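Subject: Structure handover and notes

Dear colleague,

I am passing on the structure we spoke about, together with my notes on it.

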Amino acid sequence: MAGINTVEQLLKLSPNTYKITVFGKEPYPNYNRIQLSYVLEKSKAVEDIILNDWDWYTDNGIELHTGTSVTHIDTEKKIVTADNGMQVSYDKLIIATGSKPLMLPVPGADKQGIIGFRDIADCEHMLHAADLYKKAAVIGGGLLGLEAAKGLLKLGMDVTVVHLFKDIMERQLDHTASLMLQAELESQGLKFATGKQTEEFLGEERVSGIRFTDGTTLDTEFVVMSAGIRPNVEVAKASGLDVNRGILVDDYMRTSAPDVYAVGECNEHRGICYGLVAPLFEQGVVLAKHLCGVETKPYEGSVVSTQLKISGVDVFSAGEFMDADDLAIVRMHDDWRRVYKKVLLRGGRIVGGVLVGDGKEASRLQQWIRTGTVMTEVIHDAIVGQSSIDTGNTAAELADEEIVCGCNGVTKKHIVDAIEQKGLTTVEEIKGATGASRSCGGCRPVVEQILQFVLGEKYDSAAAKQEAMCTCTTLSRDEVVTAIKEKGLITSKEVRYALDWNNTEGCSKCRPALNYYLGMIWPTEHVDERDSRFVNERMHANIQKDGTFGVVPRMYGGVTTPEDLRLIADIAVKYNVKLVKVTGGQRLDLLGVRKEDLPKIWKDLGMPSGYAYAKALRTVKTCVGNQFCRFGTKDSMGMGILLEKKFERLDMPAKFKLAVNGCPRNCAESSTKDIGIVGNEGAWEIYVGGNGGIKARLAELLCKVRTDEELLDIVSAFMQHYRETGRYLERTSDWIERVGLASVMEVVVTDLDNRRALVERMEIALSQVKEPWSEILNNSNLRERMFEDIKVTTDQN
């Protein structure tokens, strides 16, 4: 990342000065190592993290040699020699060999099943191991170790993090923050063995356990070493360059050899080897300017920041983080909300900070630390939670060379120049032109501030927030939907052609989204494009990590009969089902069904699909209600069954869940559902926008109705409004926050004419739904193609 970023800077400053040759040991063009954890947890594919593809190198006249290592540098003749015998001369040479994972030098470290975590090959090893083994250990409770551990946990492994120190992430967090982080990760399923030093890896050829110096042991079948990194200095040392821990460089990245430079994790600057990405890009900017003869300040070191990239965990640290005698501390610790904020001051100026559980101010805190902002009453009150903060647009305070996007090394000046020279007006356009915010997205608020700062009165906040559907197009969701309606486009292929998609085949992000939007807009005209759906929706069952499937029959309102239970049990035995699980939606999940058995098990069940796999209505959870419960005031089971039968099988932007309570005691958990209905004082209360998942959110009261008929109309109108305005994969919790509850109330509750129109469009959509299991059973060609000849892949799931 550091080396090619330097090349990018060279091309911007002086594109014709150098003929560039690049050697890389891995078989890929340069990719974003920061996002390896996303590849591991399968939320991104390898191609999604490639920063510059092969075409970029060709377009810029760069000669790229992948899968090739440089083994020697002749600094007198200025020739590099590669492991395949190739020799290339140079005028200027940049060494950007990065770092290697630190493999503990203890007995047994060479056993099978022990790897580091540094590149794509390591990810592939870990994904393969998760298919074969159950128990994993990750040695190292630092940033990368925790991300690796969470990735393995998501793959279904039993994971223990082994750490030498008592506190995890001790290089970025104080004791309190570390304990809070560990508790949060334990609640998600990770286990910890802290204060443990590895003495030996047990087992014969393959690792079977770890023995610690205190005499205790840990059983494990797979070990990931993430105990630190060391600069990769092998070629520099072999070529006679001065090396300490890293390749020694001065403030302009010059090594001890003339015209040889080192940038990134492989170098050592003023006694420091940096292992985070932002400093490496700051070095690259200085080096590129130096090589192009552009006047530049020397590199004097970096203020580093860390942000943990684990779903559902907010952890940020920058600058100084440990208490000291010469520091004043502003601290807020809320155990109930699990929030910890700490800002450190020296001489009244902000020099460091830690945030756990609430990262909203991370970007702003990082700016305060970089600029040495003086603590004020406004900032103080915001930190301790006594007020919201609005200190205006701080983009003007940033220096031109300040790196805004640490993941991709994009400076403020780069963004400003792109806005002014290319007439950019949205954050999405800036992302496409500069790469800022295209990786983790943490810098997006600052990018938008810069956009607002540059455009001034021309800035349109609504337009600035429009995001492109995917990298295949610059059009937003709303622009695509409008064009589909105006141009009468019926198929995805027509959309991609008519709207000038730069990838005519589309991608895994836009294909299913277009299929949904077309079906929503043209329910009677559009033919479902099965191949555009995710694998679970194509197969109408949930694929599991071992390649088998989970089958969930529909149980309306969570209600069943003894006869149906007996039938399910008999079929589970007949097809050797590995596990029968009661789901959170009050149904039974038959797990471990082979692909070829799916049609047969559906036929024997004779029940409709429960749609546990679909972007559609999943379940309507109910309590006993007034039929049996002494507290029940309304017939929750009856209403739940009515709602589920009415709206089942209807495509939605994302999965959709309902619950009906017969009284306010919330036994059916209505407060965390997309629609939660509560019987209270002879009426129905309708709550919307709840979410019990990773981004938990309590539902908000939409309205209160007296009759069942009005309840059905408002639920129908709400669902149709969401279908028509929600972005694909956007849950109602995010949708409500984006469009605002007040606007939904106006459209669905207050405007009666609009409500009736929504209900009418909903009825048209419902008239087109089909029961998928029956459809496949009655279509021999479809059944043969899907369940006999086609190999199922999970790359889109």
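The mean pLDDT of the chain is 89, and 95% of its residues reach 70 or more. The stretch to treat with caution is residues 789-797, where pLDDT stays under 50, although the model has 22 contacts beyond four places in sequence for these residues. Where pLDDT is low, the predicted coordinates should not be read in detail.

The chain is divided into six parts by the assignment: domain 1 (1-98 + 232-292), domain 2 (101-228), domain 3 (305-384), domain 4 (403-465), domain 5 (477-533) and domain 6 (618-770). Between the centres of domain 3 and domain 5, taken over C-alpha atoms, the separation is 45 Å.

The sheet I looked at in detail is an open one of five strands, in the order 20-21-24-23-22, with antiparallel pairing. Its edges are strand 20 (305-307) and strand 22, each of which pairs on one side only. Averaged over the sheet and ignoring direction, neighbouring strands are turned by 10 degrees against each other. Helix 6 (residues 175-187) packs on this sheet and touches strand 21 (315-319), strand 22, strand 23 and strand 24, with its direction at about 155 degrees to that of strand 23. Helix 9 (residues 362-371) also packs on the sheet, touching strand 20, strand 21, strand 23 and strand 24, and its direction makes about 155 degrees with that of strand 24.

Within the sheet, strand 23 (residues 339-346) is mostly covered, in that seven of its eight residues are buried. Strand 23 pairs in the antiparallel sense with strand 22 (residues 328-334) over seven bridges, and Ala328 stands opposite Leu345 in that pairing. These two strands form a hairpin with four residues between them, and Arg338 in the turn has a positive phi of about 55 degrees. With strand 24 (residues 349-356), strand 23 again pairs in the antiparallel sense over seven bridges; here Arg346 stands opposite Arg349, while Leu344 has Gly352 as its bridge partner. The hairpin of strand 23 and strand 24 has two residues between the strands, and Gly347 takes a positive phi near 60 degrees in it.

Helix 5 is mostly covered, with nine of its twelve residues buried, among them Gly145, Leu146 and Glu147. Just after helix 5, Gly156 takes a positive phi of about 100 degrees.

Most residues other than glycine have a negative phi. Lys78, however, has a positive phi near 60 degrees, and is placed in the loop between strand 3 (70-74) and strand 4 (79-82); its relative accessibility is 22%, so it counts as partly exposed. Asp500 likewise has a positive phi, of about 55 degrees, although it is not a glycine, and lies in the loop between helix 16 (492-498) and helix 17 (510-521), where it counts as exposed because its relative accessibility is 64%.

Gly689 lies in the loop between strand 34 (683-688) and strand 35 (700-705), yet its relative accessibility is 0%, so it counts as buried. Leaving aside neighbours within four places in sequence, Gly689 is in contact with Lys673, Asp674, Arg697, Leu698, Ala699, Thr732, Ser733 and Ile736. The C-alpha atoms of Gly689 and Asp734 are separated by 7.7 Å, although these residues are 45 apart along the chain. His721, in helix 22 (residues 708-725), counts as buried because its relative accessibility is 12%, and buried means under 20%. Not counting residues up to four places away in sequence, His721 touches Gly726, Trp735, Val744, Val747, Val748 and Leu758.

With best wishes

Key: Residues numbered from 1 in each chain as written. Predicted model: local features only at pLDDT ≥ 70, side-chain atom pairs only at ≥ 80, totals over all residues. Heavy atoms only, no water. Buried < 20%, exposed > 50% of the residue type's maximum accessible area, 1.4 Å probe, protein only. Contact = heavy atoms within 4.5 Å. Pairing = 2+ DSSP bridges. pLDDT = per-residue confidence, 0-100. Domains from an automatic or database assignment. Axes fitted to C-alpha atoms, helices over the stretch in contact; angles between N-to-C directions.
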